[in-house]
Each structure stands twice: as structure tokens, then as C-alpha cells.
Amino acid sequence: MTHHTHFMQLALEQAAQALFLSSPNPRVGCVIVDSAGHVIGQGFTQQAGGPHAEVMALRDATAKGNDVQGATAYVTLEPCSHHGRTGPCCDALIAAGIGKVVGALTDPNPQVAGRGFARLRAAGVKVEIGPGAAQSRELNIGFFSRMIRGTPWVRMKAASSLDGATALHNGASQWITSPQARADGHAWRARACAILTGIGTVLEDNPRLNVRDIATPRQPRIAVVDSKLDIPLDAHVLKAPSGCLIYSCSANQSKIDALQALGATVIHAPNTHGKVDLAAMLRDLAQRGTNELHVEAGFKLNGSLLREALVDELLLYQAPKLLGAGAMGIANIGPLDTLDQAVALELHDVQRMGPDLRIIARIQNRAAF
């Protein structure tokens, strides 16, 4: 392992600490190293509006009495060069006297996109594109998706038996998988910017869809597909602390007013068939700062998202049990006539979660952007 790889790995470990924290900003880590090879400052991006990784690392070095003049900053993403809620990080590095910046990869944000590196070079700071690009991009796959494609990274979660059943014929589904699998599912909720469900799930289960099984500094926003505005005014999702977005085709102004009085936002998004335009919904969610969209929905909405090729990744928890004939499946995408009509997946990760399996499978070629 080269020294660049070692220090960038430390920076990536810092970035991972922003996993539940920094959205909609990217998860970035920074490590500052002096000429003797000692780490003298480190930090990661805070909540939106708070300091970025570079500023946190500079503050850490100062608090410890360390001199950063001529030091090297290892950053997992190009330092920003624009004024947003905070000032440009490249300017903070220049002002501090950093001598060299090793960045993992270029920021895909059109407001940055190489300008941060260019400003550093223009100020006499040496710039090197180092290791860690793949890991940084993976950590920020939703941010890259939003910046490049204009849509969130869509992750569909389901818990099933080994024969693919998510519920019995009578709808009973609690609990197919183990407490370990459910806690892990809450960790994936926590990293998402928003959680999407359908009106069928709201009416049948009245879920909260919040993060409960792990500690998190923020709760994701809730989004509901509800073509006819059938959502009850006492639905748990309307109490989400980060707000509830309802995508609908209804012009029922009295219901819209009642929902907005409860703090919900109703977005009129019809398609030509009188249903919610799901592709337009994803674009709207991206404009609202959604990097990762976590889908916990039922058979119908899951099927619609898959049929319209709007899903990037499946997060599947499988319990070692069989539920047999008549049970409900993950998604309404059939019946298919030929095998080449199947949704083609690539296994990305497989792990044990207690007695269960967690499978992360990506739709083929969806990460190629």
C-alpha cells in the first residue's frame, strides 16, 4: 500500500461517518498530513449548511495546535469552488497554506466539475488525483446519480422467503425476516434522503417509515404515490418530521388544502393514463435534493417502477423459509413469456444478517453513468 492509498483510506473512513448526516451534500472526508507523514487534522462533512470536510479538518488541526503550512490534504471528492450555504472549500485550503491536495475524483456538480482543482492549481497548490475514486463514488452513488442523470439512485427494499414471498395470501407479513435483518434495513433507511411508498401500503399497514432501530441525526423525508388522494388525514406518514411529499393526479382542492394544513406537500404529476408519472416524480425528487430514494412499497408500485426501468438496485432480505403457493411476490412484473424478458440483475453484495441473507443486486448497466 502506497502512502497515498493509506491516507486516502483514512479520508474515506472519515467520509463514511457522514453517511447518515450530510445529505443532500456528498459524503466527504479529509485528512491533512504534514511533511513527516503525520496526520495533523481530519474531518468529514456535517449537516447541510454546516462545514464541509476540508474546513472540519483545518479546524481539527488548529484545535490541536498543528501548523498546516505546506501540508498535504487528502480529500475524497474535489473541494468545492462555489458559494452555496458555505464558502468554497478550495479557498479555505488556499488561505490555510496547504501545499498539496490529493483528491479521489472530480466533483460531478456542474457548479464545481474541475473548477476546484483548477483554482487550487492557479494558487500554486499542487494537485494530484489519487486513489479511492471507486470507493468515493460508491459512497456517493446517489449524489452522482442526481448530478449526472437528474434523478436519485433508486433502491428497492423487500423482505421475503426463499421462494420470493413477501406476505401470505391473507396479507400477513410480520415478521418474515429476523430482527438483525430489520435493523440493517433501518440503516439503509437512515442513509436515504427520502423513503417512497404507495397508497396501498399506507391504507393497509399505516406505516411510520421512520428510522427506529439505529441512532441517526436526521429522519428521511417520506414520499407517497397516491393518484386519487385517498390518504387518511391521520396517516402516520403525514407526521414525518422531515415532511411528506404526496404525488397525485387529483384536483380535489379541499383534500389538498387539508393535507397542506398538516404540513404535507401535494405535487400534481399525472401521466397520460391518469396515473402518477413516476419518471417525472423522480426528476422532482432530484430537484428537491434527493440523492438516494429508498423504496418500501407493495406489489403494484414495485412492479410499476421495475416495468418502467426506474429502479437501480434491489435490497433483498431473504429468510430461510418457504411460504408456498398463493403467497404474494415482490413485484407485479409478469407473467413473462420468455426468459429474456426477465429483469436482468448483477449481484453486488451478499451477506448473512443473523439467520437471513441480504442480497444487493443491481439492474444490469444501471450504474454506468
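Start with helix α6 (residues 141-149), which supplies the largest share of the lining of the largest cavity, three residues; helices (H or I, at least four residues) and strands (E, at least two) are DSSP runs, numbered from the N terminus. The model is predicted, with local features needing pLDDT of at least 70 and side-chain atom pairs pLDDT 80 or more, while totals for chains, interfaces and linings use all residues. Residues are numbered from 1 along each chain as its sequence is written, and side-chain values use heavy atoms, without hydrogens and water.

Now select the whole lining: Ser23, Asn25, Pro26, Arg27, Leu139, Asn140, Ile141, Gly142, Phe143, Asn291 and Glu292. A cavity is a set of points on a 1 Å grid over the protein atoms alone where a 1.4 Å probe fits but cannot get out, and lining residues have an atom within 4 Å of a point. The search of the whole structure finds one cavity of 30 Å³ or more. The volume of the largest cavity is about 50 Å³, taken as the space filled by probe spheres set on the points, which are joined across faces, edges and corners.

Next, keep Arg27 and Glu292 from that lining. Their side chains meet in a salt bridge (2.8 Å, N to O), that is, a side-chain nitrogen of Lys or Arg within 4 Å of a carboxyl oxygen of Asp or Glu. Glu292 is in strand β11 (residues 292-295) and Arg27 in the loop between α1 (3-16) and β1 (29-33), 265 residues apart. Glu292 is buried at 1% relative accessibility, and Arg27 is buried at 4%; buried means under 20% relative accessible area, exposed over 50%, partly exposed in between (1.4 Å probe, protein chains only).

Move to Arg155 and Glu313, whose side chains form a salt bridge (2.6 Å, N to O). Arg155 lies in strand β6 and Glu313 in strand β12 (residues 313-319), so this pair ties together parts 158 residues apart in sequence. To see both pairs in context, select Arg27, Glu138, Arg155, Arg191, Glu292, Glu313 and Arg362, which are linked in a network of salt bridges.

Then pick Lys100 and Glu128, a salt bridge with its closest N and O atoms 3.0 Å apart. Lys100 is in strand β4 (residues 100-103) and Glu128 in strand β5 (residues 126-129).

Finish at Leu168, in the loop between β6 (153-161) and α7 (179-191). Leu168 is partly exposed, at 33% relative accessible area. Leaving aside neighbours within four places in sequence, Leu168 is in contact (heavy atoms within 4.5 Å) with Leu323, Ala327 and Met328.

Conventions. 1 Å grid on protein atoms, 1.4 Å probe; cavity = no way out; pocket = protein on both sides within 12 Å on 5 of 7 lines; lining within 4 Å.
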